[in-house]
Every structure is written in C-alpha cells, then in structure tokens.
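Colleague: Before I rely on the labels used for this model, I would like to go through how they were assigned.

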Amino acid sequence: MLLLLLGIIILHVAVLVLLFVSTIVSQWIVGNGHATDLWQNCSTSSDTVHHCFSSSANEWLQSVQATMILSIIFSVLSLFLFFCQLFTLTKGGRFYITGIFQILAGLCVMSAASIYTVRHPEWHFNSEYSYGFAYILAWVAFPLALLSGVVYVILRKRE
C-alpha cells in the first residue's frame, strides 16, 4: 500500500511539474527566430533572447492563460486534498473529491491546448513555425492528469 501511495504521489507531482513548465516556458510556438508562449513573444538568435514583448490581448489567448492557471490551481488543490483525506478519511472511503479536482485539472489543460491549436490553423501548413516542447508537455499532462484523477476515484483507503 505504501508503494501505491508513493507511486500516486510521484505521478501527481510529475503532472504538476508538466503543468508549471508548460505554462511558464516560452516554447509553445518556435521558428524563424521567434519563440512564443502564453505570456510573451521573444525574438532569438543562436539560443540568446534579444527582445521580448507581451503577447496580444486576444480573448482566446486570455482563455488559454486562464484555463492553464486553473489547471495548476486544481492540481495543487487536489494534492492538498489528497493529503488531508489521507489522514481524515474513514477506512474504506474513496478519494472522490481529490479525483474530481485532478480530472478538472486535466480537462482544463486539454481545453487550453485545444483552443491554442484551433486558433492557429495557418501554422499547421506553414513549415517555418512548429509547436514547441511546452505545447507538447501540455498535451502530455492532459492524459496523465486524467489517469491520476481516475486512480484517485478508484483508490480506497486502507489501514
């Protein structure tokens, strides 16, 4: 049981790290001397950042920013609730609240990455730009967050 709990906590912390990195790092779109993320656009040359300016104030970009932040909040809250329930839940109880918050975190990150993908259809056909590693990490965090949420819902507390 202790190894199972340790594995669940490691999976949850991995999801949190993926969410933080994908939200903060400026690598959602890269190419042609530019790197773009949710917060700023930077011009680069040979791995040196020269100029950064704020991203546009489009409503769709603000919704992506908000849902990524919500996913982090839900995931942190889920981890906190897991530790609280671990010590207060009765024997045989399930971690429903923890699982629901983690599933919400997964759905938020999926919504953010989907909106970001849909709003840039011209980049799919343009070979100058490509999606960066932070964008890919957001998509990797989605199934892992859903998986950990489902594990929390299935998990029963034992002595």
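Colleague: Why is phenylalanine 83 called partly exposed?

Modeller: Buried means under 20% relative accessible area, exposed means over 50%, and partly exposed is in between (1.4 Å probe, protein chains only). Phenylalanine 83 has a relative accessible area of 35%, so it is partly exposed, whereas phenylalanine 82, at 0%, is buried. This is a predicted model, in which local features need pLDDT of at least 70 and side-chain atom pairs count only at pLDDT 80 or more, while totals for chains, interfaces and linings use all residues. Residues are numbered from 1 along each chain as its sequence is written, and side-chain values use heavy atoms, with hydrogens and water left out.

Colleague: What makes the pair of phenylalanine 82 and phenylalanine 83 stacked, tilted or edge-to-face?

Modeller: Rings of Phe, Tyr and Trp (its six-membered ring) pair if their centres lie within 6.5 Å, and planes under 30 degrees apart count as stacked, over 60 as edge-to-face and the rest as tilted. The centres of phenylalanine 82 and phenylalanine 83 are 5.7 Å apart and their planes are at 55°, so this pair is tilted. For tryptophan 139 and phenylalanine 142, the centres are 6.2 Å apart and the planes are at 85°, so that pair is edge-to-face.

Colleague: How do you know whether tryptophan 139 is buried, exposed or partly exposed?

Modeller: Its relative accessible area is 29%, so tryptophan 139 is partly exposed, whereas phenylalanine 142, at 18%, is buried.

Colleague: Which residues form one aromatic cluster?

Modeller: That cluster is formed by Trp60, Tyr116, Tyr131 and Tyr135.
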